[in-house]
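These are my notes from one sitting with the model.

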Amino acid sequence: MTVLPYLVAGWIFLVGVYGLVTSRNLIHAVGCLAVAQSSTYVLLLAVGYRRGGTAPVFSDVPPDRRVVDPVVQALALTDIVVGATVTALLLALVVQLRKRHGTVDPDALSDLKG
Amino acid sequence: MDTAGLLPLVIAVPLLGAAVLVAGGRRLPRIVTDALGCAFAAAPAALALLVLARVAGGGAGPYAVEWVGGWHLAGGEGVGIVLVADPLGAGLAALVSVLVVAVLAYSWHYFEEPPRRHGGAFTALILLFQAGMCGFALTGDLFNAFVFFELMGVVAYALTGYRVEESRPLHGALSFGIVNSLGGYCMLLGITLLYARTGELGLAQIGRALDGRAPDGLVLAAFVLVATGLLVKAAAVPFHFWLPDAHAVAPTPVCMLLSGVMVELGVYGVARVYWTVFSGPGGVPHPDLTRALLVIGTLTALLGALMCWRQRHIKRLLAFSTVAHTGLFLTGVAVLSPEGVSGTALYVLGHAGVKAALFGCVGVLLDRYASVDEHELYGRAGELPVTGVLFTVGGLALSGLPPFGTGLGKALAEEAAGQAAGWLPALFVLVSAVTGGAVLRVALRVFAGAGRPPRAAEDGPETTGEAEPETGGRLRRVPVPMLAVPAALLAGALSVGVLPGVAATAERAGRLFTDARGYRAAVLDGRPVAAPAAVAQHWPTTGILLGLLSTALAAALAALAVWRPARTGATALTAPVRRLQSGHIGDYVAWLVVGMALLTALTATGLR
Amino acid sequence: MSPRGRLGLFLAGAAVVAALFTVACLGLPPFGGAHHPYGDRAVRAAVRHHTSNAIASVNFDQRALDTLGEETILFSAVLGAVVLLRQTADERRHTPAPAAVRPPIRRFGLLMLPVALAVGLYVVAHGQLSPGGGFQGGVVVATALHLLYIAADYRALERVRPLRPYEIGEAVGEAAYVITGLAAVLAGSAFLANVLPYGTFATLSSGGTVPLLNAAVGMEVACGVVVLLAQFLDQAVQIEGADGGGSDDDGPRGPGRRERA
C-alpha cells in the first residue's frame, strides 16, 4: 500500500475535527485541534520519505548518501512551533474563561448569539 | 538602496520595534512607548509607500523581486524564499502600515493597557500584527505565506481576548482561534500536496510546474484546502461565524485593523494564490473558480447584509457589514478580470478607511456610555455632535456615496461584475444600501434620538451591547485623537475616490495582478516586464447613478426603520438564520467542513 | 443547533472531504519515491555552505525568513500569554507554602538539573552539526530550570527565575535574529544572507551565520518558554480570584443543553 501513510494523515485530520465538533469540554477541544494538526506532520513527513534514506545530517555520513527530504522536516519543525504556541494561547484563553464563566462546557457559552 | 532591498525592511522594522518595547517597555513612561510604537510603525509605512511609488511609477519596472538571504535562482531553480512587490501587494502593505499608524494614534495615551508591569505590550502586539500582515502581502512563497498567516492569527487571537475581565472577549477569541487555526492547518495540508506534486514552495514555481500536466484530483484537493484556509481568514460563508463573535468583543483599535485589513488579506490571498498558482492549464479552470467564488461571494454578501440589519450591538453590526462587503470583494475577484481586481482594490482601500472610522466612532460611544447597544443608547449621544456627524458620513460612504473611495470601488467592481452576470450590480446596490442603512439607522437613533424608542425583538437570539469602557473609566470629554483619527480616515477614503492618481494606479495594479505569465517571468526568469501604460480612470456614469441610488435606498431604509418599525412578524422570518450564529465552537467547525465540501462541489466539474 | 444536527452536518461534509482527500492521495507520488527535487537542491546548498545538518541549513540559511516568522510567532504567543494571563484587578496573589519533597525526588531533580541544562546548551550549540538546534535546545534548557519546581518547590523556582531578565532575554533573542539579518544588509548583501565564512565542514564553527541564528533562537525559546510556563504556573499556584478563583459552583455548568429546539 503506497498510499496508506497519506490516507492516515487524512484520517487523523478528520478524527481531530470530529472531536472538535462533538467536544463537551474546551480543554478537550484544544487537544482535538492539536490532533487535527498532527495530520500535517504525518503528511509532511510521508511526502518527504525516501526508501532507504537516512537522516539528512552529514556529520558522520558522506554527502552523497541517500537521505530523506530535509525541506519537509524543516517545515514540520516550523509547524510544530506554530502548533505549540497556538495551543498555549488557546489554553490561556480557556483558563481565563473558566475563571469568568465557571465552566469549560462549550454548550454553556451563550452570550454571543444571533 | 534598490526597491527590492526595501521589502525585508518593511517586515523587519516592526519586529525590531516590538522587541525594543518588550525589553524596555516597563522602564519607559507611557508617552515614550507610544511614541516609539508610532515611529516603528511609521517607518515601514514610509518604506512601503516608497516601494509602492517606485513599482507603480514605472522606471525600475512593475515588480520588485527580492530573494531573501541572497539565494537567487540558478537555471530557474532555487532553494530560497522570494518577496515580491507588485503595485497591489505593495499597496496592501502600505495600507496595513498606514492603518496601524492611525490605530496607534487613536489609542494614544487614552487606551488603557492593563498589564501594569508590562508597559508597551499592547503596542508591541500591534507591531507584530503589522509585520505579519505586511509579510503576508509581500511574500511570493506559499509556505512563507502560511507562516505569516499564522503570525497574524496568533497576534489577533491575543488582541481579541485582551479584555480578560469579561467573558465575552475570551469566548470570541477562542472561537476565532480554533476556527482560524483549523483553517491554517487545512492550508498547510494543501501546501504539502502541492509540494509532493511539484517539489516547489514558491508561488510562481508551483504554478509553472503544475502547468506541465492536466489537472487532477490532487490539484483540486490542494486548491480546496488552501482556499479553505484563506476563506476562513476572509470570513466567507460558511466560514464566517468566528468574525462577528471576535469583532464584537475585540478592543476598538483592534477591530479597526481586523475589519479594515486583516479580513481583506484573506480575499487577497485567494486571488493571489489563484492567479499565480492555479490560473494556468494545469490548475483550476476559470469558469469553475468564477462559479465557486460567485456562489460563495453572493451568499456571504446577502447573509452579511441580513444579519447586519438585525443587530443592535453596534460593533457586531459593523462586523456583519464587513462580512457583507467581503462577499462583494469576493464577487469582484470572482469575475477574473483586471477591472474586477482593480475595482475591488479601490473598494478595499475605501472600505478600510470608512470601516475603521466607524469603529473609531463606536469606540467613543463605548468609552463614554459603557455601552454599544443601539437600544440602550437611544437618544443619548446628542451631546456628541462631531462624533455623530463623522458616524453619519461613514454610514453614507459605506452605502457607496460618490465621491468616496467606497463609491468608486463599488462602481468599478459592479461594472466589472455586471459583464459576467447582469444581476450582479443589483447585489452590490442592495448590500451597500442595507449595510449603509443599518449604520444610518443607528446614527438616527443614537445621535438624533429620532422615532420612538426601539423595542427588543422577542423572536430569536440576540446579543446586547453592554461593555466596559477601554479608557480606564468613562470619558467626560472626548480626546482629540479619538475624533481626529476617524476624521482623517474618512478624508483618506474620500481622497481615494477624488485623486485620479489612485484610481489609475489601481487600474494598472489590476492588470499586473491578473498577468500570471508576467509575474512568473519577473520572478523566475528575472525578465523585466514592461509596465503597462497608465490609463486614466473615470467615474462611470451608471456607477455614479447606482451609488446615489444605493445611498438613497440606505437613507430610506434607515428612515423606515426608525419611523415605521416593522411588525414583529417580519422579523420572525430572519430568526432561523440568526439562530445559526449560535456562538457554539462545534457548530462553527462543522460549518467549516461543510464549506470545504461546498467548495469541492462547486469546483469539481473541472476534473477530468 | 442540537448535537445530533451538528454531527449530521459534520458527517455530510466530512464524507465529501474524505472522498476528495482519498482521490488526492491516489494522485500523490508513491510513498518512499526518489523524486524530491527541492530536497536534493537543499542538500547540495547545505553542503555548499558547509552546514552538515541539512535541516538546519534549510531553517536558518535557505529559508531563514520562515524561521524568523516562526520565532516571532513564539514571541507573540508568549507576549499574548503574558497579557491574557495577567492578574486582574479583582484577583489576589498569595505566597505558596513551602512544599515537602521526598528525598529521592529531590536528589534526582537536583542531579538532573545540571545535566539537562548542559544537554540543552549542547543541542543549541550543535544545531548546525547534529539533529537539534535553537528550538529544541531552548525547550530543554527551559525544562531543566523547571526541575527545581519538582525537586524543591515553587519558591525555589522563583528564586532562579526572576521573570524580568527572562523577558528581556526573550526580546534580545528576537532582536538578535533581526539584527543578524540586517547586518548582512549593511555588509552589502541581502537580508538574512549568510555572509560569514562557512568554516570547516562538520566542525563547531561551520555554517556561517547558522550557529549565530541558532543561538539567537535558542535564547529566545529558552527565555520565552520560561516566561510562558511562569504565566500558567502563576495562575495555578499564586493567583486566586476574589471569590476563591472560579470554583465549580459559581456559574452555569454541567451537561448544559441550552439550544433552542
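I take helices (H or I, at least four residues) and strands (E, at least two) as DSSP runs, numbered from the N terminus. The model is a predicted one: I used local features only at pLDDT of at least 70 and side-chain atom pairs only at pLDDT 80 or more, while totals for chains, interfaces and linings use all residues. Residues are numbered from 1 along each chain as its sequence is written, and chains are lettered from A and ligands numbered from 1 in the order in which they are written.

**Entry 1: chain A**

I read the elements of chain A from the N terminus as α-α-α. That makes three helices and zero strands. I then compared the radius of gyration (over C-alpha atoms) with the globule rule, 2.2 Å times the number of residues to the power 0.38. Chain A comes out at 19 Å, well over the 13 Å that the rule gives for 114 residues, so chain A is more spread out than a compact globule. Along the principal axes, its C-alpha atoms fill a box of roughly 60 × 30 × 20 Å.

For burial I count other C-beta atoms, placed from the backbone, within 10 Å of a residue's own: 20 or more is buried, 12 or fewer is exposed, and anything in between is partly exposed. By that count 59% of the 114 residues of chain A are buried. A contact here means two C-beta atoms, placed from the backbone, within 7 Å. Among the contacts in chain A with a separation of 6 or more, 54% join residues 24 or more positions apart.

I looked up the UniProt record, an unreviewed entry, which lists residues 6-23, 30-51 and 71-95 of chain A as "transmembrane region". Its positions are given in the numbering used here, feature names are shortened, and annotations may be inferred rather than shown by experiment. In the model, residues 30-51 of chain A are 86% helix and 0% strand, with end C-alpha atoms 35 Å apart. Residues 71-95 of chain A are 100% helix and 0% strand, and there the end C-alpha atoms lie 36 Å apart.

**Entry 2: the two sides of chain B**

Which element of chain B gives the most to the side that touches chain A? I first noted that 42 residues of chain B are in contact with 37 residues of chain A. At least two residues each come from α5, α6, α9 (242-249) and α23 of chain B. The most come from α6(B), with 17 residues. I class Ala, Val, Leu, Ile, Met, Phe, Trp, Tyr, Cys and Pro as nonpolar, Asp, Glu, Lys and Arg as charged, and the others, Gly among them, as polar. This side of chain B then has 22 nonpolar, 14 polar and six charged residues.

Towards chain C, the contact takes 63 residues from chain B and 60 residues from chain C. The elements of chain B that give two or more residues to it include α1 (3-24), β1 (64-67), α4 (121-138) and α8 (217-234). The largest share of this side, ten residues, comes from α5(B). By class I noted 41 nonpolar, 14 polar and eight charged residues on the side of chain B that touches chain C.

**Entry 3: a helix of chain C**

I picked Val225(C), which lies in α9 (residues 210-238) of chain C. α9(C) has 29 residues and reaches 40 Å from first C-alpha to last, close to the 42 Å expected (1.5 Å times one less than the number of residues). Of those 29 residues, 22 are buried. Val225(C) counts as buried because it has 25 C-beta neighbours inside 10 Å. Leaving out residues up to four places away in sequence, Val225(C) touches Gly138(C), Val139(C) and Ala142(C). Its C-alpha atom is 9.7 Å from that of Val140(C), 85 residues apart along the chain.

I found a cis peptide bond from Val237(B) to Pro238(B), with omega near 0°. Pro238(B) sits in the loop between α8 and α9 of chain B. Ala235(B) is in the loop between α8 and α9 of chain B, and has a positive phi of about 60° although it is not a glycine. With 31 C-beta neighbours inside 10 Å, Ala235(B) is buried.

Another cis bond joins Pro402(B) and Pro403(B), with omega about 5°. Leu336(B) has a positive phi of about 55°, and I count it as partly exposed because 19 other C-beta atoms lie within 10 Å.
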